[in-house]
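Subject: Structure for your files

Hello,

Here is the structure you were waiting for. My notes on it follow below.

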Amino acid sequence: MFVVTPAYAESNPTEGTHSEAGAPGGDAHGGGAFPPFDQSTFASQLLWLAITFGLFYLLMSRVIVPRIGGILEHRRDRIAQDLDEANRLKEEADNAIAAYEQELAEARKKASAIAETAREKAKAAADAERSTSEAELAAKMADAEKSISAIKAKALGDVDAIAEDTASDLVKHLLGGSLTKAEVAAAIRAASGK
Amino acid sequence: MANDPISQFQIKNIVPIEIGGLDLSFTNSSLFMVATAAAAAGFLFLTTANRGLVPSRLQSISEMSYEFVASMLRDGAGSQGMRFFPMVFSLFMFILVANLFGMFPYFFTVTSHIIVTFALAMLVIGTVVVYGFWKHGLHFLNLFVPSGVPGLLMPLVVMIEVISFLSRPISLSVRLFANMLAGHITLKVFAGFVVSLGGMGALGIGGAILPLFMTVALTALEFLVAFLQAYVFAVLTCMYLNDALHPGH
């Protein structure tokens, strides 16, 4: 405290002059009143506090508070709006996915139906083809059999002529005589008709 | 003079003004009131000028202080209390910036004078009383009559309530004033030790280290106190406003 005391004493004259200059006739603040309790300064402090704080309050209530409040509200609105938008988009996306899946299922069903009909059609066509070709084959076979039997009959008919020729040739060679065709044919007929 | 811990609270005339025998001079205190209001308002005004949807750093400081006070008021006095928001916000910002300005060397601390803190406290209590009577009429006096007190104790309880109400402006103003005053005196005394011990040769310089550390630590503490006292003042304002809004206990 040895530091403080002389300095404090030093401040007394200034305080005294201030009091004299500030509030003539003031009595409560003799000598060196502790500054915060020096009543001669109260009026000035109150006045200037009223002016500065009053203006500050006006500025706050008229400009700053509405402005910051507006900024915060705008941001809140914007965020809420963005969230709504995001929700809406999500819903849309969900709907699109559902629609897509439904369509996919329908397409699958349709595809299998198409495949089924195609298979059936193909089977029917194959069956028809098979039956026509079978019929064709049967007809061809019948033709072939017919021609075989015709050839056979013809061949069999020729056999008699060949036999007659052969027999007459044999007779001519072996016996040296000749026979009439009628005789040979009768003889063959007799031989084959046994 | 330099080592005197009291001289920092001295009020000095800058522009002497005297009206009707009243000393209304523009003093160093007035200068710092103007500086406080200008700095606080200027900061809030300029940082929010862009109205950024995505705030810049400085804009978010302004927004944070707004929301800080708003949530304080909403918690303390309910959503009806928001009509007093400009007042509470102004008080908080003004006291905070005045306290913080006081932390600059050679700056005057506006809130270290009882008359200033008392005037601010009377503003709060005056608002509470005027609004309370205007809104609730004589029902505002229910504030002093807690429910559920046995009849015999009632006079005593009412007396205690009245005294506690009357002491509010005093406690509100003295708390802020005393904190600022004591903090600055302590800081000055310890800093004075550093200087005076440092002037005493090698041993003194060794001995000055301790008060130097104390000064550094106290400076940090004083920054905390500067914020804390502004916060306390605002919180108590909210609580008192709550009484004006809801006088029944």
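**Interface between the chains**

In this predicted model, chain B and chain A bury about 4,600 Å² between them, with carbon and sulfur atoms giving 75% of that area. Buried area is the accessible area (1.4 Å probe) that two parts lose on being put together, summed over both. On the chain B side, B:D23, B:L53 and B:I115 lose the most area to chain A, together 14% of what that side buries. The contact (heavy atoms within 4.5 Å) involves 56 residues of chain B and 43 residues of chain A.

**Second largest pocket**

This pocket holds about 270 Å³ of space, a volume being the space filled by probe spheres set on grid points joined across faces, edges and corners. Its lining has 13 residues, and those closest to the centre are B:F43, B:I61, B:S65, B:M93 and B:L96. A pocket here is an open set of points on a 1 Å grid over the protein atoms alone, where a 1.4 Å probe fits, with protein on both sides within 12 Å along at least five of seven lines; lining residues have an atom within 4 Å of a point. Two or more residues each come from α1 (28-47), α2 (57-77) and α3 (85-101) of chain B; helices are DSSP runs of H or I, at least four residues, numbered from the N terminus. α3(B) gives the largest share, five residues.

**Notes on the numbers**

Residues are numbered from 1 along each chain as its sequence is written, and chains are lettered from A and ligands numbered from 1 in the order written. Local features need pLDDT of at least 70 and side-chain atom pairs pLDDT 80 or more, while totals for chains, interfaces and linings use all residues; side-chain values use heavy atoms, leaving out hydrogens and water.

Regards
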